[in-house]
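Here is a structure to question, one label at a time. Each answer sets a value against its cut-off.

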Amino acid sequence: MFIACNSDGSNRQPNVSGSTSGDEEAGNSFQYSREEAGSFIEQWVDSAELKTNLPKIKEAQVTEDLYSFYSKRNYSPAWTAGTAARLVSTIRNIEQEGLNPDSYPVDTIQTLIEQVQQENSAEAGAKLDLLLSATYLKLADVIATGKVKPGNYYNSWHIKPVAPDTLYTHLQQAVESGEVNASLDYFRPRFDQYEKLQQYIDTYSRIVENGGWPDIESKGELQPGDSSQQVEQIRQRLHISGDLAAGPSEWTSPAVYDSTLISAVNNFQVRMGLEVQPTITAEMIEAMNVPAETRLKQIALNLDRIRWFSSGDMPPTYVLVNLPEYKLQVVDDGEKVKTMKVVVGEQMNSTPIFSDKIQYAVFSPYWNVPNSIAMDEIWPNARNNPGYLSSRHYEVLTGWGDDARVISPSEIDWDNLRQYRIRQKPGPWNSLGRVKFMFPNDYAIYLHDTPADHLFEEYTRAFSHGCIRVEEPAWLADWLFPQYERQDVKNKMNNTNRDIVSLEDEVPVYIFYLTSFVDDNGDINFREDLYELDKRLTPQFDLI
């Protein structure tokens with residue numbers, strides 16, 4: 001995970017002075033004895049453990065921060081009626097961020113508030129203060145690093161959330177300023193999809209509350225001009241999801257698949273990543289029949305994944321690949337300047353999720369064939385066909401070291417094939433195409449050109465062994481190397497001499513995984529769960 005470009009992060013550190021909150025100055029404090037309450041807090045709070053029970057709080061995750069927070073203020077209570085009410089309000093509205101308010105001890109907090117206000121009990125006040133602080137810490141950690149931590153549940157996820165190491169200082173800021181929700185903004189991702197997806201939490205929550213949408217019968221494909229009850233069901237379904245603007249009062253022939261419905265069908269297809277066509281296919285009906293509750297959960301899961309991915313500001317310039325969308329986008333100085341198609345790893349050879357920086361490009365590259373591919377795909381064909389290697393511009397080297405030499409097929413020891421390296425010569429036939437963009441990493445993943453351009457016409461583009469093939473490599477090279485004229489870039493790509501060129505400024509690249517996102521038109525999109533991350537995340541996410 002990155003704490004994205006927080007070069008000025010020190011300026012965002014909260015003030016930890018012992019000033020009094022505005023609520024307290026305004027007489028909004030609780031009336032119990034603060035000195036007695038402080039004695040209780042000092043008894044309960046220890047650097048190693050808490051000596052009181054806090055409902056819905058994993059004490060091991062908050063003990064150290066609670067000790068740091070209270071010991072620095074001589075165990076004096078921190079919360080007022082006003083700040084407590086603001087924290088409760090924030091939690092009650094946390095559904096907007098795809099989180100469940102029931103995960104937090106709101107009811108217990110509310111009960112303790114009432115008890116304190118009625119009885120002025122110092123012990124109840126101490127327990128309330130401690131529970132409010134622990135709840136804030138829990139909420140801040142979830143917003144910063146996700147409700148579910150990625151851990152080892154998916155082996156190819158390598159963007160790890162990093163918890164802020166001084167949560168208690170933000171707690172101090174919250175209680176001193178009285179701006180509880182605003183203090184949590186420090187932890188909220190600045191990645192634009194986080195805010196955009198939240199808007200659709202409200203939309204889909206209302207759809208669910210109103211009963212969702214009708215289930216469509218699957219009776220084969222439908223063409224414009226067809227008439228059936230199924231068409232009327234589809235019309236209702238697309239109106240509920242916002243694809244069809246006209247409501248039932250405007251439908252003159254609701255059971256007829258007419259021109260007014262075609263536009264809505266196409267809009268839905270775009271949002272689902274399906275082939276845009278007038279035919280209503282079985283695949284489209286299957287997508288329409290995904291329940292609204294499932295789509296709402298999908299948005300929430302993606303919001304949680306964004307928390308793993310981003311805390312703080314995004315860099316002004318970066319490249320991002322969204323694997324389930326099969327798209328790459330280029331952001332330059334805060335503006336999206338390009339979107340292009342990509343081919344990604346098939347499920348058995350999934351592309352890992354990670355971040356890095358593009359450092360250099362290799363024009364007219366060799367392709368050093370991984371041993372797994374060589375053993376499974378190339379050597380068996382070469383053994384049976386003496387001309388197989390040369391016809392595909394492969395050459396065999398004695399090993400993987402810098403001193404390896406090219407040998408002729410007659411020198412191959414067919415009983416010890418793993419000692420050799422197969423590489424493909426530069427040229428239009430090369431599997432990496434004419435250029436590859438390198439961000440050295442532990443997974444041997446990079447962006448590259450491809451001679452198989454026809455695959456970009458497919459709507460589902462998971463065909464590779466893990467690396468990412470880009471639709472417009474010449475454009476990407478031209479953008480990455482502004483020091484060269486466009487013709488110079490083309491010449492380098494069309495030359496058969498390998499050429500390594502470093503970037504003047506390294507560019508961050510993020511290989512990410514969103515099955516739900518908002519497009520440039522402001523429409524919510526959903527994609528198939530390519531690597532089953534949603535499926536694996538759901539059981540843990542559903543736990544309160």
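**Rings and charges**

The charged end of arginine 237 lies over the ring of tryptophan 213, 3.6 Å from the ring centre. This is a predicted model: local features need pLDDT of at least 70, side-chain atom pairs count only at pLDDT 80 or more, and totals for chains, interfaces and linings use all residues. Residues are numbered from 1 along each chain as its sequence is written, and side-chain values use heavy atoms, with hydrogens and water left out.

Q: What makes arginine 423 a charge that sits over the ring of tyrosine 366?
A: The rule asks for NZ of Lys or CZ of Arg within 6 Å of the ring centre and within 35 degrees of the ring normal. The charged end of arginine 423 is 4.0 Å from the centre of that tyrosine 366 ring.

Q: Why is the pair of tryptophan 157 and phenylalanine 512 called edge-to-face?
A: Rings of Phe, Tyr and Trp (its six-membered ring) pair if their centres lie within 6.5 Å; planes under 30 degrees apart are stacked, over 60 edge-to-face, the rest tilted. Tryptophan 157 and phenylalanine 512 are 5.9 Å apart centre to centre, with 65° between the planes, so edge-to-face applies.

Q: Why is tryptophan 157 counted as buried?
A: Buried means under 20% relative accessible area (exposed is over 50%, partly exposed in between; 1.4 Å probe, protein chains only). Tryptophan 157 has 1%, so it counts as buried.

Q: Why is the pair of phenylalanine 354 and phenylalanine 439 called tilted?
A: Their ring centres are 6.0 Å apart and their planes stand at 40°, so the pair is tilted.
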